[in-house]
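Subject: Structure for your files

Hello,

Here is the structure I said I would send. My notes on what turned up follow below it.

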Amino acid sequence: MATELSTREAYGQTLQKLGKERKDIIVLDADLSKSTMTNLFAKAFPDRFFDCGIAEQNMMDIAAGLASCGKTVFASTFAVFAGGRCFDQVRMCIAQPQHNVKIVASHGGVSVGQDGMSHQSIEDLALMTIFPGMTVIVPADALEAAQAVETAAATPGPFYIRMGRPKVPQVCPDDYRFALGKAATMRPGKDVTIIAMGIMVASAIKAAQKLAGEGIDCRVLNMATLKPIDREAIILAAQETRGIVSAEEHLKHGGLGSAIAEILVEAHPARMVSIGLHDRFAESGNPDELLKKYGLASEDIEGAVRKIMERRGQS
Amino acid sequence: MLRRHIINITGRAGSGHPGGSLSAADIVAALYFKVLRHNPSDPKWRERDRFILSKGHAAPLLYAALAEGGYFPVQELETVRQINSRLQGHADKTVTPGVEMSSGSLGQGISFGIGAALAARLDSLPYRVYVLLGDGECDEGQVWEAAMAAAHFKMDNLTAIVDRNEIQLDGWTEEIMNLEPFADKWRAFGWNVVEINGHSISEILDAFEKAKSFQGRPSVIIAHTVKGKGVSFMENNPEFHGKAPNPEQVKLALKELEK
Ligand SMILES: Cc1ncc(C[n+]2csc(CCOP(=O)(O)OP(=O)(O)O)c2C)c(N)n1
């Protein structure tokens, strides 16, 4: 097992590595390079790094202008600002023209912790997946984050990648290969499928291990690519297991749970329970306390799985 | 010539923005037929000068210039705002040859232009970037974010042109949101400022020359213009910001423009 690393640290290191090989890579930040970790690239390649100051909307359109002239542009800030503040800029100049801009936003979700509501992005995935042609990725650990960034750099078109603030345990195997648009099976199982992304993958695995002791066999899928989502894996899970639990560090609306539900309703109606923020903003606190208070802990996933097993018994 | 197209385009569609297209017609004509280094048969030529229409509602003017410039047949102007057309209500780079940026949401052009100008510098290419914006558009905070950044990055290959027709959608700019002292604002943000009569071709061309030779700072040309220029009943008339002429008015306007 590698030492714990945050996904944003993995981003910074990968950018620095890519910068050596790819002279067409330009990096922009909005006065948060020490937090998004683009400062590693800035130090190594000062000529290809532009700090745009605290002006995120301006930054997104500069990114688009550079991309329109053939550059591969990474633009970083906090997820709250990338998603919310720049919605129109991303819409007009990045998503619709399909510009080669990779928005890599750090500090996604409530695990931002003590900075509180203003800095906890719980809507960004709804805002970014809504755009036609936008690829959206939420890596589960540093290993996957690094590979997702490499994939984005090698794939033309707009990307939104959500990184997190805290250090996270490695959940992907050492020989893991990130495949864009494909769910990764973290654990096979036949009773209930837990579909998670980001830091919730670790919690899903933990919940599955606990439930195994009770004789409940959970499949765990890591849905790192939220868009385009792996439809087949979802339908297969609905066919082969008794129901689905989705788990995300985001509002229930407009994120992973909604995307899965849309597919199930059309293709294979199944029991489903979604774990996410239920129509509310969060607050300051330690990440673990927050995850617990807002129903995003591994115990909550366990409860959701049991609910599906019980409902089965009743029918 | 461009003005006649603008009247025909908006008249035929029954909607669109004639006022701000007419006010900037001389500026855009000067750019496409005198200033820009471009190649209509190769719209993606890497070294072309970029013209970015930040005030995307002046699409009729841009389309007229592109058609007359040879990017697509003049006849195609008849399809503006119609279903299945390459000529959308506001400029859309994904469908129209020669359009550099999708616009229609005001305030974004200079930012995009900075990106294109930075790319020129990084690649040591000689092209220049021109951005046309409205004066009302300068209410947008992003315009000033971009103004600050362009000066900070010393973008002397970037020229902004503000169509200072003193009218925005709801009325006169000085009543809706006071812009003055306008030139001082740009100077304070670190720009080289050139003020001209935006209907004098010689002053326009002279201003572009000045902007080109100015080093170390971006230039802004504040072009004093008349909204609706060339059509008496549209001139200085906020009504014709976003209202198309009816068939009667089209006839009258075309007659006036023949002179
Ligand atoms: C962000 C945004 N807000 C509002 C509008 C609606 N709108 C279109 S044109 C216009 C007035 C523009 O005035 P100005 O920039 O002075 O343009 P001009 O007079 O040159 O036509 C407005 C408010 C818009 N297109 N984009």
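In the residue classes used here, Ala, Val, Leu, Ile, Met, Phe, Trp, Tyr, Cys and Pro count as nonpolar, Asp, Glu, Lys and Arg as charged, and the others, Gly among them, as polar. On that scheme, the lining of the largest pocket divides into ten nonpolar, three polar and six charged residues. Please keep in mind that this is a predicted model.

The volume of the largest pocket is about 390 Å³. Its lining has 19 residues, and A:I199, A:A202, A:S203, A:D288 and A:L291 are the closest to the centre. In chain A, β8 (167-168), α9 (200-212), α12 (287-293) and α13 (298-314) each supply at least two lining residues. The most come from α12(A), which gives four.

Now the cores. The largest nonpolar core has 87 residues, and A:L28, A:Y160, B:I110, B:I114, B:L158, B:W186 and B:W191 have the most contacts inside it. Helix α5 (residues 109-122) of chain B contributes the largest share, eight residues. Domain 1 (7-162) and domain 2 (184-309) of chain A both give residues to this core, so it lies between them. A second, separate core of 62 residues includes A:I137, A:C172, A:I194 and A:L296.

Beyond four places in sequence, B:W191 has contacts that include B:I110, B:L158, B:W186 and B:R217.

B:F189 sits in the loop between α8 (182-188) and β4 (192-197) of chain B. B:F189 is partly exposed, at 26% relative accessible area. Leaving out residues up to four places away in sequence, B:F189 touches B:W144, B:A147, B:M148 and B:A151. Its C-alpha atom is separated by 9.1 Å from that of B:A150, 39 residues apart along the chain.

Regards

Terms used. Residues numbered from 1 in each chain as written. Chains lettered and ligands numbered in written order. Predicted model: local features only at pLDDT ≥ 70, side-chain atom pairs only at ≥ 80, totals over all residues. Heavy atoms only, no water. Core = buried A, V, L, I, M, F, W, Y, C linked by side-chain atoms within 4.5 Å. Buried < 20%, exposed > 50% of the residue type's maximum accessible area, 1.4 Å probe, protein only. Domains from an automatic or database assignment. Contact = heavy atoms within 4.5 Å. 1 Å grid on protein atoms, 1.4 Å probe; cavity = no way out; pocket = protein on both sides within 12 Å on 5 of 7 lines; lining within 4 Å. Points joined across faces, edges and corners; volume = space filled by probe spheres on them.
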